Amino acid sequence: MQRIPIVGGNWKMNTTRATAAALARAVAAANGTQDAVQVAVFPPFPYLIEVASALRGSPIMLGAQDVYFEPDGAFTGEISTSMLRDCGCNWVLVGHSERRHVIGECDDLVNRKVLAAVGAGLNVILCIGETKGQREAGEADAVNERQLRAGLRGVSAAQMKSIVIAYEPVWAIGTGLTATPEDAQAAHKAARAVLAGLFDPSTAQATRIQYGGSMKPGNAANLMTMPDIDGGLIGGASLNAADFSAIVQAAAPH
Ligand code: PEP
């Protein structure tokens with residue numbers, strides 16, 4: 001099964017209105033003819049419209065870093081799926097570890113967001129991953145399985161076409177520590193086995209599973225050679241167009 005790699009740039013709470021537009025233009029210029037890898041960027045909410053216009057005419061896709069599950073109403077500070085679509089987004093991150101561990105999102109909230117986003121026609125990157133303590137306690141696979149089962153509750157096999165999984169060990173995010181290609185491959189393989197049990201083997205084979213956690217130009221190629229790693233979700237290195245584009249290049253099948 002040939003899966004098209006997908007690389008996402010999660011800009012987190014960084015950039016200004018001007019630097020976000022400039023970064024988007026630089027990413028579009030460097031990857032405008034890239035057709036072997038799908039590329040998406042995830043700017044902060046206030047800059048989505050600005051970045052959408054900077055990306056117009058390029059194949060780079062636009063996503064948001066989060067979404068709320070209710071369609072509208074009295075939910076101060078939240079953003080709905082239709083607002084994201086209105087701003088030109090067709091992707092959204094759900095369950096990023098910073099939302100789970102810094103903001104306190106639980107599996108049930110993550111699941112409601114996944115269902116709302118897919119139901120509204122958005123593509124979702126569902127993030128999973130164990131903490132350092134959980135890995136050291138030998139619980140990594142169990143944690144990832146729990147987050148997958150809970151996050152995908154009520155999702156159909158057909159809807160999995162709109163969902164990408166990002167395996168992001170929490171201890172590797174923003175720390176400069178990266179899972180070895182072998183450890184990452186083992187986690188991706190285990191996640192794919194969970195998907196086969198939840199859905200069916202062909203859905204599991206067709207689902208893209210990205211690696212995230214301090215992926216840089218220097219370590220991307222080795223990670224991407226692993227058979228179950230289908231691209232990357234990039235934080236820090238996505239703020240530099242040249243570094244991000246080097247990672248996109250590394251994700252292209254050779
Ligand atoms: C992320 O935020 O998803 C991420 C992987 O960050 P970093 O690349 O900075 O570790």
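Tutor: Start with histidine 96. An N or O atom in its side chain is 2.8 Å from an oxygen atom of the ligand. Keep in mind that this model is predicted. A polar backbone atom of serine 214 is 2.7 Å from a ligand oxygen. For glycine 235, a polar backbone atom is 2.8 Å from an oxygen atom of the ligand. Now widen the view. The ligand is surrounded by 14 residues. Among the closest are Lys12, Glu168 and Gly174. Ser214 and Gly235 belong to that closest group too.

Next, the helices. Two packed helices are described by the angle between their axes and the distance between the axes. Look for both values each time.

Take H10 and H11. Helix H10 covers residues 217-224, and helix H11 covers residues 241-251. Their axes come within 9 Å and cross at roughly 15 degrees. Angles under 35 degrees count as roughly parallel, so H10 and H11 are roughly parallel to each other. The crossing of H10 past H11 is right-handed. Which residues of H10 and H11 meet? H10 brings Pro217, Ala220, Ala221 and Met224. H11 brings Asp243, Ala246, Ile247, Ala250 and Ala251. Sorted by class, this contact of H10 with H11 has eight nonpolar residues, no polar ones and one charged.

Now move to H7 and H8. H7 spans residues 140-151, and H8 spans residues 181-198. They pack at about 40 degrees, with axes 10 Å apart. H7 and H8 are therefore oblique to each other. Their crossing is right-handed. On the H7 side, the contact is made by Asp141, Glu145, Leu148 and Arg149. On the H8 side, the residues are Ala187, Ala190, Ala191, Val194, Leu195 and Leu198. By class, the contact of H7 with H8 has seven nonpolar, no polar and three charged residues.

H7 also packs with H5, which is residues 107-119. Here the angle is about 45 degrees, and the axes are 8 Å apart. H5 and H7 are therefore oblique to each other. Asp107, Asn111 and Val114 in H5 meet Arg146, Gln147, Ala150 and Gly151 in H7. How do the residues of this contact of H5 with H7 divide? Two are nonpolar, three are polar and two are charged.

Conventions: Residues are numbered from 1 along each chain as its sequence is written. This is a predicted model: local features need pLDDT of at least 70, side-chain atom pairs count only at pLDDT 80 or more; totals for chains, interfaces and linings use all residues. Side-chain values use heavy atoms; hydrogens and water are left out. Axes are lines fitted to C-alpha atoms, for helices over the stretch in contact, and angles run from 0 to 180 degrees between N-to-C directions. Helices (H or I, at least four residues) and strands (E, at least two) are DSSP runs, numbered from the N terminus. Angles under 35 degrees count as roughly parallel, over 145 as roughly antiparallel, 65 to 115 as roughly perpendicular and the rest as oblique. A crossing is left-handed if the near helix is turned anticlockwise from the far one by less than a right angle, and right-handed if clockwise. Contact means heavy atoms within 4.5 Å. Ala, Val, Leu, Ile, Met, Phe, Trp, Tyr, Cys and Pro count as nonpolar, Asp, Glu, Lys and Arg as charged, and the others, Gly among them, as polar. A residue is near a molecule or strand if one of its heavy atoms lies within 4 Å of it. A polar contact is a pair of N or O atoms within 3.5 Å; within protein, one must be able to donate a hydrogen and the other to accept it, and residues adjacent in sequence count only if both atoms are side-chain atoms.
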